[in-house]
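Colleague: Hi! Please take me through a close look at one part of this protein, with your cut-offs spelled out as you go.

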Amino acid sequence: MVFLVEDSPAIRARLAATIRGIEGAKLVGEAGSVGAAIDGIRSTRPSAVILDLQLEDGSGLDVLRAVYPAAPGLHVAVLTNYATDQHRRACMDAGAEYFLDKSSDFPRIREIVRRWVARPEDTAGV
């Protein structure tokens, strides 16, 4: 069960189509803002989140910090155009499993979600 957080409708649609095309993966929700993401993740209790770092109304890091402590087994992949070492460290320290650059790592999403689907025993919803 994957929840998708991305403020660009075009990128969100592309990610959603990718997730829906993976056998065994289920997209349980989408959000484009910090508040909607936190509420959506808490209400759907996904096993994994794909999280944009830069959102219109704040940071995906705020989302991660709000939801991860209640679900330390939650799989999180941060996907960003701001792939600096500082952002990477902050996201990994907050619980992200992956930190990906949208410009070069986007294709890895399919492989990562497949890995998450293959090991559901390692997941813990929010």
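Which residues does Val 78 touch, not counting residues up to four places away in sequence?

Modeller: Happy to! A word on the ground rules: this is a predicted model, where local features need pLDDT of at least 70 and side-chain atom pairs count only at pLDDT 80 or more, while totals for chains, interfaces and linings use all residues. Residues are numbered from 1 along each chain as its sequence is written, and side-chain values use heavy atoms, with hydrogens and water left out.

Now to your residue. Val 78 touches Leu 51, Leu 53, Cys 91, Ala 96, Tyr 98, Phe 99 and Leu 100, once residues up to four places away in sequence are set aside; contact here means heavy atoms within 4.5 Å. Val 78 belongs to strand E6, residues 75–80 (helices, H or I, of at least four residues and strands, E, of at least two are DSSP runs numbered from the N terminus). Val 78 counts as buried because its relative accessible area is 1%; buried means under 20%, exposed over 50% and partly exposed in between, with a 1.4 Å probe and protein chains only.

With residues up to four places away left out, Leu 64 touches Leu 51, Pro 69, Val 76, Cys 91, Ala 94, Gly 95 and Ala 96. Arg 42 is 22 residues from Leu 64 in sequence and 12 Å away in space, C-alpha to C-alpha.

Asp 62 sits in H3 too, which spans residues 60–67. Asp 62 is partly exposed, because its relative accessible area is 37%. Beyond four places in sequence, its contacts are Val 34 and Ile 38. Cys 91, 29 residues from Asp 62 in sequence, is 9.8 Å from it in space, C-alpha to C-alpha.

H2 and H3 pack at an angle of about 30°, their axes 9 Å apart; axes are lines fitted to C-alpha atoms, for helices over the stretch in contact, and angles run from 0 to 180 degrees between N-to-C directions. The two helices are therefore roughly parallel to each other (under 35 degrees; over 145 is roughly antiparallel, 65 to 115 roughly perpendicular and the rest oblique). The H2 side of the contact consists of Val 34, Ala 37, Ile 38, Ile 41 and Arg 42, and the H3 side of Asp 62, Val 63, Ala 66 and Val 67.

Val 34 also meets Ser 59, whose contacts outside four places in sequence are Val 34 and Leu 53. Ser 59 is in strand E5, residues 58–59. At the other end of H2, Arg 45 lies in the loop between H2 (34–44) and strand E3 (48–52). Phi of Arg 45 is near 50°, a positive value in a residue other than glycine. Most residues other than glycine have a negative phi.
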